[in-house]
Amino acid sequence: MRTIESILASNSPMQSLICDHREELCALHEKVSSLEVFVKNFEKNNVFGEMTDFEVEVKEVASAVEYTLQLRLTETVLGENKSIGGIIGSRFFKGISNEWTHIEFRKSFRQLAKNIDHVWKKSTKIQEKGKQVSKESLIHDFSSSNDILNVNNNMVGRDDQMKQLLEDLTISYSGEPKIIPIVGMGGIGKTTLAKEVYNNKSVLRCFDVRSWATVSPKHNRKEILLGLLQSTIIMDDKVRKIGEAELADMLQKSLKRKRYLIVLDDIWSCEVWDGLRRCFPTEDNVGSRILLTTHDNEVAHYAGTENLSVQMDLMSPDESWSLFKSEASSGEALPYGLEDVGKQIVDECHGLPLTIIVVAGLLKSKRAIEDWESVAKDVKSFVTNDPDERCSHVLGLSYNHLTSDLKTCLLHFGIFPEDNEIPKKRLVRSWMAEEFLKLENDLEGEAEKCLQELVDRCLVLVCKKSLDGTKMRSCKVHDLIYDRCVREIVTPRKSHACIRL
């Protein structure tokens, strides 16, 4: 790209050489620029299985363009004036009119254009494959927020709340945009419910645009706006450099006269809502909805449309047991003797989904009744009726059952910003660089095994997967687990190695 741009520059010393080839150079420049934009738009999300190899191919073609142009220019200089000895000066280029030179340049342009066209056809196929994933939806397929659709939630229970929310989103389908808060304590399943309806087929059919942003206590307003914009425009570096005010205006204009569904996950204060609400147009947006999740009833009352709030309560005993079985044994019947102990453990979780899931993850790989009885004893020892405290104790219990390597790897999530979605490759390579794992061979393979084990134990959440669903692309931890990691980091114990910050 830099070689083409320097040749095309108005003050370039090569102007006399390329005057007869400007059209081919401009076409070449446009094609390479288009491929660059395409790769940049997918670099961050990279949800397609073949994208890694494709990026390499694009970079190889771009390098070939640079190399071929430089080679042809050098050959021309050396062929026309051997006495110069390879030194390229603007004085020489003014005299070039050799027909052979023009023929060779045209051949090079044709071959380079052919190579770029081949790669561009591949990029088109990748885009089409992406569109097939959510072809029932009219949203743009470049949205990182919509990669949430690649991960199955498999929600257990919550049938009443699910039915109510779907009706509020789709059946009551008239009037100006409505705000629907989902309210409940941490770990109760607000985000899981929001994801479930976001991915529902009836919702896909109802909205022109859907977009998701996680807010969190230490939110970055610009990043939220950029995340929401990815559902309505194709992102590039120019957009990312724009200021907050202009981004907010751009978002509002991009949503005008469209039926949109916006999810703002984890809003902590009324002030945060006030800072975002002006970005969402209300005229000519009939049927649009904004879904909020929050632990704060004051935020729900302040922001929500009257009578449209969804209150998340603790799970019933039957729902709790179903959730536990789905996580601890993939819904299959438990071996003899484990069911009674399992029900005792579930009773002590008092219907909080996160607590149930974490304990189930701890027991998933254990089938000895002694192990289950030991966990049951530990859970029963938590003398508190406060669900938050009980959840914290269970997280600590699960953490204590990890190996030292897994403890260190889990704690590493605490050095990233809260609610940050971390690319798997970045996380794994960070673990390797920090020398958390002691193996000398196949460190990356071992790191990926550790990450998968933390996922299996329900301590790490998968955010994005490859198109075929076989590869993890990014992950994060629940904010309660994140809080636990931060506490462990700032007060290091002998049971785990300190993380180098």
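# Exercises on helices, strands and loops

Ser 320, Trp 321 and Phe 324 of helix α15 meet Glu 339, Gly 342, Lys 343 and Val 346 of helix α16; contact means heavy atoms within 4.5 Å. Helices (H or I, at least four residues) and strands (E, at least two) are DSSP runs, numbered from the N terminus.

This is a predicted model, in which local features need pLDDT of at least 70 and side-chain atom pairs count only at pLDDT 80 or more, while totals for chains, interfaces and linings use all residues. Residues are numbered from 1 along each chain as its sequence is written, and side-chain values use heavy atoms, with hydrogens and water left out.

## Exercise 1: α15 and α16

Task: Work out at what angle the axes of α15 and α16 cross, and which classes of residue make up their contact.

Solution: 
- Step 1. The two axes come within 10 Å and cross at roughly 120°. Axes are lines fitted to C-alpha atoms, for helices over the stretch in contact, and angles run from 0 to 180 degrees between N-to-C directions.
- Step 2. That angle makes α15 oblique to α16. Angles under 35 degrees count as roughly parallel, over 145 as roughly antiparallel, 65 to 115 as roughly perpendicular and the rest as oblique.
- Step 3. α15 passes α16 in a right-handed crossing. A crossing is left-handed if the near helix is turned anticlockwise from the far one by less than a right angle, and right-handed if clockwise.
- Step 4. The contact of α15 with α16 has 3 nonpolar, 2 polar and 2 charged residues. Ala, Val, Leu, Ile, Met, Phe, Trp, Tyr, Cys and Pro count as nonpolar, Asp, Glu, Lys and Arg as charged, and the others, Gly among them, as polar.

## Exercise 2: Pro 317

Task: Find where Pro 317 lies, and decide whether Pro 317 is buried or exposed.

Solution: 
- Step 1. Pro 317 lies in α15, which covers residues 317-328.
- Step 2. With a relative accessible area of 65%, Pro 317 is exposed. Buried means under 20% relative accessible area, exposed over 50%, partly exposed in between (1.4 Å probe, protein chains only).
- Step 3. Now look across to Lys 343: Pro 317 and Lys 343 are 26 residues apart in sequence and 9.1 Å apart in space, C-alpha to C-alpha.

## Exercise 3: strands

Task: Give the strand order of the open sheet, then say in which sense β7 and β8 pair.

Solution: 
- Step 1. The open sheet has 5 strands in the order β2-β3-β4-β1-β5, with parallel pairing. Two strands pair if DSSP finds at least two bridges between them.
- Step 2. β2 (209-214) and β5 (310-311) are the edge strands, each pairing on one side only.
- Step 3. β1 (residues 178-183) and β5 pair in the parallel sense over 2 bridges, and Ile 182 stands opposite Val 310 in β5.
- Step 4. β7 (residues 461-465) and β8 (residues 472-476) pair in the antiparallel sense over 4 bridges. Here Leu 461 stands opposite Lys 476 in β8.
- Step 5. β7 and β8 form a hairpin with 6 residues between them, and Gly 469 in the turn has a positive phi of about 80°.

## Exercise 4: positive phi

Task: Locate Glu 435 and Cys 458, and decide whether Glu 435 and Cys 458 are buried or exposed.

Solution: 
- Step 1. Most residues other than glycine have a negative phi. Glu 435 has a positive phi of about 60° although it is not a glycine, and phi of Cys 458 is near 65°.
- Step 2. Glu 435 lies in the loop between α21 (424-433) and α22 (443-456), and Glu 435 counts as exposed at 56% relative accessibility.
- Step 3. Cys 458 lies in the loop between α22 and β7; with a relative accessible area of 11%, Cys 458 is buried.
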